[in-house]
Amino acid sequence: MQRKTSSHNDPHQWSGIKVQNHARTEAGILKEVGVTYKNNIHLLLDKLTSVEGDIIELGVYRGNNSVIIGSFLRKTSSNKKYIGFDTFCGYTEEDIEAARDPSGLIENQNSKRWVVPVQEVKDHIQEKNLSGYCKIVEG
């Protein structure tokens with residue numbers, strides 16, 4: 001992935017996609033910023049309209065990307081489907097064992113930060129009338 005070098009106030013370019021109105025953390029990492037984040041996801045999805053296959057996400061959390069992507073697929077009358085995979089119970093023992101430094105994973109696991117009931121996500125998708133575009137897989 002090629003990145004244009006610029007000051008932190010200028011938009012960045014990744015593979016020809018302009019990331020608009022970004023905010024930065026002290027470490028210089030892009031933050032997900034409401035409407036701008038959604039628009040940036042839409043810009044990426046626009047690039048995929050001519051690519052065959054469905055869209056998958058590993059790590060659904062609360063399903064916010066599921067709704068953004070499903071809404072885009074509905075709006076564009078796409079034949080693609082979104083399939084989101086998650087354990088919905090945090091990290092597996094294999095994840096923690098395989099990590100070079102598992103301390104952050106263990107801290108998140110102990111706090112139950114990533115534990116979200118799968119039904120909560122499915123209900124969120126159904127409330128938005130996106131069940132025909134989105135499938136959630138637990139495991």
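Me: Two strands count as paired if DSSP finds at least two bridges between them. In this predicted model, how many bridges join strand E4 to E5?

Reply: Strand E4 covers residues 82-86 and runs parallel to E5. One of the places to look is Tyr82, whose bridge partner in E5 is Cys134. Two bridges would be enough for a pair, and the number joining E4 to E5 is 5.

Me: Thanks! How many bridges pair E3 with E4?

Reply: These two strands also pair in the parallel sense. Ile56, for example, stands opposite Ile83 in E4. The count of bridges between E3 and E4 is 4.

Me: In what order do the 3 strands stand in the open sheet?

Reply: E3 and E5 are the edge strands, each pairing on one side only. From one strand to the next, the twist averages 20°. The pairing in this open sheet is parallel, and the strand order is E3-E4-E5.

Me: Let me step back to the whole chain. In which order do its elements run from the N terminus on?

Reply: The chain has 139 residues, of which 29% count as buried. Its elements are 5 helices and 5 strands. Starting at the N terminus, they run β-β-α-β-α-β-α-α-α-β.

Me: And what share of the contacts with a separation of 6 or more comes from residues 24 or more positions apart?

Reply: One example of a link between distant parts of the chain is the pair Tyr61 and Trp114, which are 53 residues apart. Among the contacts with a separation of 6 or more, the share from residues 24 or more positions apart is 59%.

Me: Which helix lies across E3, E4 and E5?

Reply: The helix runs at about 175° to E3. On E3 itself, Ile55 and Glu57 make up the covered face, while Ile56 and Leu58 make up the uncovered one. In a regular strand the side chains alternate between the two faces of the sheet.

Me: Is the aromatic pair of Tyr61 and Trp114 stacked or edge-to-face?

Reply: The structure holds 1 aromatic pair. Its rings are 5.1 Å apart centre to centre, with 80° between the planes. Planes over 60 degrees apart count as edge-to-face, so the pair of Tyr61 and Trp114 is edge-to-face.

Me: Is Trp114 buried, partly exposed or exposed?

Reply: Trp114 sits in the loop between helix H4 (103-111) and helix H5 (118-127), while Tyr61 is in the loop between strand E3 (55-58) and helix H2 (64-75). Tyr61 has a relative accessible area of 31% and is partly exposed. The range for this class runs between 20% and 50%. Since the value for Trp114 is 26%, this residue is partly exposed.

Me: Which residue lies over the face of Tyr133?

Reply: For a charge to sit over a ring, NZ of Lys or CZ of Arg must be within 6 Å of the ring centre. Here the distance from the ring centre of Tyr133 is 5.5 Å, and the residue is Lys81.

Me: What is the phi of Ser77?

Reply: Most residues other than glycine have a negative phi. Ser77, in the loop between H2 and E4, is exposed at 59% relative accessible area. Asn129, in the loop between H5 and E5, has a positive phi of about 55°. For Ser77 the value is positive too, near 50°.

Terms used
Residues numbered from 1 in each chain as written. Predicted model: local features only at pLDDT ≥ 70, side-chain atom pairs only at ≥ 80, totals over all residues. Heavy atoms only, no water. Phe/Tyr/Trp six-rings, centres within 6.5 Å; stacked < 30°, edge-to-face > 60°. Buried < 20%, exposed > 50% of the residue type's maximum accessible area, 1.4 Å probe, protein only. Lys NZ or Arg CZ within 6 Å of the ring centre and 35° of its normal. Axes fitted to C-alpha atoms, helices over the stretch in contact; angles between N-to-C directions. Contact = heavy atoms within 4.5 Å.
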